[in-house]
Amino acid sequence: MKTSLLYIILCLIPSMALGQGRIQGLVRSAADEKGLAAATVLVQGSSTGVLTDEEGNFSLDIVSGETVLKVSHIGFLTKEIKLTLPLPARIQILLDPDEKMLSEVTVSTGYQQIPRERSTGSFAQVDQALFNRSVGTNLINRLENVVPGLVFNRNPGSAASSISIRGQSTIYSNDQPLIVVDNFPYEGDIANINPNDVESVSVLKDAAAASIWGARAGNGVIVITTKKSREQTPKISISANLNFAGKPDLFYKPRMSSSEYIEVEKLLFSRGYYQSAETSMGNPVLTPVVELLIAQRDGKISAEESERQISALAGNDVRTDYKKYLYQPVLNQQYAINISGGNKMQRYYLSAGHDRNQQTLQGDTYRRTTLKFSHELKLLKEKLSLGTALYFTGSTQMQNGLDQLYMSSSQPVYPYARLVDANGTAVAISKDYRSGFISQAPVAGLLPWEYKPLDEIRLNENKTRGTEYRINMNLGYKFSNALRAEILYQGMRSHLKNTDEHKGESYFARDLVNRYTQVSPAGLLSFPIPKGGILDQTVGTLTSHNLRGQLNYQFSTGNHQLSILAGAEIRSAENTQSSGRLYGYDPLHVTSKAVDYITAFPQYANAASSLVIPFTNDQTFLTDRFLSYYANGAYTYKSRYTFSASGRLDQSNLFGVKTNQRGVPLYSAGLGWTVSGEEFYHVQWMPYLKLRATFGYNGNINKTVTAFTTARYYASAAQTRLPYAAIRNPPNPDLRWERVKIINLGLDFETQNRRLKGSLEYFIKQGSDLIGDSPFAPSSGITTFRGNVADMSAHGVDVELTSVNLDGKFKWGTVLAAGYAADKVKDCKTQATTSSYLQSTRVPMNGQPLYALYTLRWAGLDPANGDPRVFLDGEPSSDYTQIMQVTKPQDLISYRVRPLVYGSIRNNLSYQAFSLSAAISYRLGYYFQKQSVRYSDVLTGIGSHGDYAKRWKAPGDEAFTQVPSMPQTALASRDNIYLYSDLLALKGDHIRFDDIRLSYDLPSGRKLSGQLYLYVNNIGIIWRSNKQGIDPDYQDLPPVRTLAAGFRIDI
Amino acid sequence: MLLTLAGCESGFLDAVSDKKLLVPKTMDDLQSLLDNHSVMNQSPFMAQISADDFYNTDQGLQARELIERNSYLWADDLYEGTPDLNWNRLYEQVFYANVVLEGIESLAESEKTSLRASQIKGAALFYRAFSLHHLAAGYTLPYVQANAASDPGVPVPLSADVNEKRVRGSVEKTYGQITSDLLSAAELLPGTVSMKSRPSKPAALALLARVYLSMHQYEQALESAQQCLAASGQLLDYNTLTADPVSAVRPFPDVFSAASNPEVIFYSPIINVGFLTAVTTIVDSTLFRSYQDGDLRRSLFFVNRGNGVINFKGSYSGRSPVTTFSGLATDEIYLIAAECLARLGDSPAATAMINTLLAKRYKTGRHQEFTSSTSQQLLEFILTERRKELVGRAVRWNDLRRLNSELQRQDTLIRVHDGKRIVLLPNAAKYTFPIPDQEIQLSGFMQNPR
């Protein structure tokens, strides 16, 4: 196949005519002097013609003497130029913008720049101005609400992913769009890219747009292009901003109050619930109230004293201390500078950025420094071009903050804990062991065993240092005007080092030393874990190489324009990680001590248990390899009809599959028709109208499934120390690749004077062989099976409208983006159990959305005892066993958890140098599961939701509450009937006032221009469907309003 | 360039994506699957909790998981929709064993016939039988020869294909597979192993003896037990155990240490749930009182915490992290041999057998040889000693099931919870655990009556 492909490409190279004159030149926009790509340069009266390259260059061989060149480009007035050969030098042709026409836009696919008017696919473009409208360290967040069809998933039940383009088309495979930075997929941390270096972002949404990325394009592609220099005088641009946010509202989520919690503790104590902990050999931790109750029972303190101390505790709320001592205001600073310039032969761009973020938790900071240098060189009469770009990012993340504190590994701290005493000194909270046991430790010669959270912030230093280097090189050679060959290379090395140092005084270190302390029969102590600090280190390195060879062929004559590219790509990425721990670490002299990892030591806190010293040394070595072949072509006739096609074969080193399962061929085709270019078209008020239609397949890679039985190897079994292996996947000989078929119909229009322009797209997406988990009969040996379990189909609409409402001194424009996406599971091959549907939103069911909330029909509380009831065979029932056994999955009521309709409206107002832009967004047609009280947590002393206060207490209460009564003993099935009922499925529809931006353009002198701006984000919800005041997208912590101020100056 | 790429395609794409992954093919790979002892060597916990050796306080039960509480109280709905970890783990073991058996079949011809390959195959057969014997003991009716062909058994997967259709089959079919796997395993397995987590020939014979006993096939049980003892019959003299403060908490030597317990034939811990080691899990007082003065087991098996709280501590897992031993050990084989001899009428041999064992359990010089007047007395004595010796090994539940078929040996079990008496009558349907809810829903198997 590859050989024949090469053959085709060679055949397309036109024979080189000799003995002719040559015109070389550059087509530029008269407005901003930017080179114009893909402008048509025709010799009048002949069929000879070329298209300009990406920078606007062209060269043309002409017979002789006098000739007239006709230069045209969409969005510009066509120009005719008379020339006499030979020409003394390169000519420059300036085209004047055609105010009546659509402004020129090219979109980048990562493989080529396509002029928008000749594209058939679905692209969304975010230019620099729009990209810089919002403020922030992370690049991806700036895409929120500016791309139709791109949605940020916030509802925790809806997905693990953060963004999706046109809804979801996979269940358990990678569901994130492919991110391409400067022509190559970006494997590093996207936080390493400085947003100030971004020139533009295009989002590829349908098969025709994205299929060039083949097997990784199933979730759409985000193509990020960073800035380069344009041929011009040196320019310096400086920008800076400050972004401020207050502390989050920790009281937003209702919790059981301290006194309610204490009441439950007293109840549990009276029932003897704590007896097993009290008598346990492990000295497990008990809360201060339980300790007081024990002391009182044992006659150590009086009932009055106990009650006095308990009621004092009841007045505390640990969230007050959290907010005061664990949180801090956010203050993010961002600085950036770039210098660019050059001449005809070479151009350069140099930039530096620095971010300093003080994050929301005390002890958390983030710093990032980015450097970029790019250079382009043209040689051999501009036939040879060489581009080089170097990138560096250095970052430091400190993570010493504490948020939710825990009393033991499974239990959050009691709500009446205090972090400081009356004098503001850090105090200890009960943690891991009984207080009496802890207080004995120093007496017995052990280290102090108390846990004072506030001291811990400075006693641990968790630091992650990242360094990333990237080099991009491209070498292009123009064989003729039509044929150009290029080789592109990207190398990347990113290094991440995490050091988590627990100082000798930290609880982490003291606790480990104490737990392993040995007492000899003579009472002498020995310390298998030496006293001192503990240093955990993880070092990860990601190295990737990409090499691409591509031939571009562009041919233009009269009515025909042909553009073809074909190439091959090889890529390899290696990810290694090693981690380990040093005991007895002394940071002053960087020394550590040896420990015995073999012997099982009886534990000081629980003599019945013997444990070996934790051994954390480990290595991972991951390799990703791809080999791809691709081709893509577009043919335009009379600038009106465009036909495009593309195909790609991806092969990768998938593990545990047959050789022929390693690759997948994918293709697409499209048609475009500029109706307004037809002679019969006479609609005055709409001078531009284009229709597009595409069809094709994208793919999705899933490395977690295999055709053969695969296992994971481990070095040492807990007891035998023999190497062992655990089966990871059962054999699945029928394994197939996930594919997504996309049909896209688009309409682009523009009314006269561009009062209203926009696009309307309808798409159908059909995912086949989606990989999902289905519960499996356990007698097979597995309980869930991951394989091709379902198909899905989705359809939807993307709308983008831009209107100029007022023009003149006072300008008012509106941009509306709307998306509608409805998906449905089809042909689901397996049926899960009722309980798995109730517990997860990701189990596919025929005819239901991929992500759905399944509930039982609520039948109100039992008036006799406040038991929750749901309908079973049409009757209210509280027979929880029967309900779960009889209710069939198809009897459940389902709700969509991802918005059906979403979008934003942005209004831009400007008066002279002042501009104001405000955005609101809306999400409609979805549900969320309201959190509520779980008595299994209440009755095990963990605490639960604040709905506890509203619970049914006595007959008659059912008139005004739906919260079940507290049962005598915890019953998980009773909790579940209530929590998984449709009573708690609430409508998520809401409208949010996202942000507002006020800017002032500095009076632009000859050498200076710039802008000052203020930006407020997360302003708040302005309408919501639910009456409980819950932000449907944030049930735990609502986003904090941020305020930013900044400037940009260009010299 | 395209041509160059085409040339290197296969080698380039052969790079392993994660060096820790493997497609099990070699004998080392297959052995490493069987060495996954935290999957392969586990025994179910429900038999331990449902039997009458231990009781738990009402307070203690509050802290237990749902399935522990329900199996303790012989609840009507054992699972309440939650998964049964026992069933799932046992079939996971069968699946691993089948993967290994198929792996052996696809080895190169020269390797397939090697000694190592046949030992790995023997081990896989043993594991499959070990899991199936637990499944049969839990989820089918007690074995009765007359009904074995018609009583529903448990599914017996013989291939690693998870999509293969499975049926419950009959009790006869289930036990038939167990015994035939064990007979083959006994032929293939080595006489001794370096790690007691690995099956050996004595282990296969020991399990065979245990299974034949539960089938009331005393001749075969005796024969297997005698073969086992001939190969590995060593007993641990409890007088040799030192009593330093550490080992007093866990008195028996670590299974995997150099000075291992010679009685351990095959290591298997019960899936660790809180019930097994909770302080509120108290040994039955009548049982505790049955250990006479001079019986070392009284202090080595139990710890008296006062107030009537007597906890079990005598696990043969020794000092390994909190695990309760329910594997195969020589003492059980002595007891099987003694019982079979007594039932088959060879009282002198049975008496000698039980006396040999007990001599190692009493303080030196304190053991009084048992002499019986009737064979019935002898059998009763052996069965009492069996209960005393094997306490905490999760064999009691299956003994109750087996002995319920003998009128004079029937027991009625009683629990008191929240002031109410809960009674489990001999031969009650609740002696057979229900098939887990997920299995019924997804396989459509017939449920056991409850």
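Is Cys340(B) buried or exposed? Cys340(B) is buried, with a relative accessible area of 0%; buried here is under 20% relative accessible area and exposed over 50%, with a 1.4 Å probe and protein chains only.

A word on the model. This is a predicted model, where local features need pLDDT of at least 70 and side-chain atom pairs count only at pLDDT 80 or more, while totals for chains, interfaces and linings use all residues. Residues are numbered from 1 along each chain, chains are lettered from A, and side-chain values use heavy atoms, without hydrogens or water.

Now the cysteines. Taking a disulfide as a pair of cysteine sulfur atoms within 2.5 Å, the count over all chains is 0. Cys340(B) is in no disulfide, and the nearest cysteine sulfur, on Cys228(B), lies 13 Å away. In chain A, Cys828(A) also counts as buried, at 13% relative accessibility.

On to the cavities. A cavity is a set of points on a 1 Å grid over the protein atoms alone where a 1.4 Å probe fits but cannot get out; lining residues have an atom within 4 Å of a point.

What lines the largest cavity? It has 22 lining residues, and those closest to its centre are Ala47(B), His134(B), Ala137(B), Ala394(B) and Asn398(B). Four helices of chain B give two or more residues each: α4 (46–50), α9 (115–139), α11 (201–214) and α20 (396–403). Of these, α9(B) gives the most, with 5 residues. Helices are DSSP runs of H or I, at least four residues, numbered from the N terminus.

How values were computed:
On a 1 Å grid over the protein atoms alone, a cavity is a set of points where a 1.4 Å probe fits but cannot get out, and a pocket is an open set with protein on both sides within 12 Å along at least five of seven lines; lining residues have an atom within 4 Å of a point.
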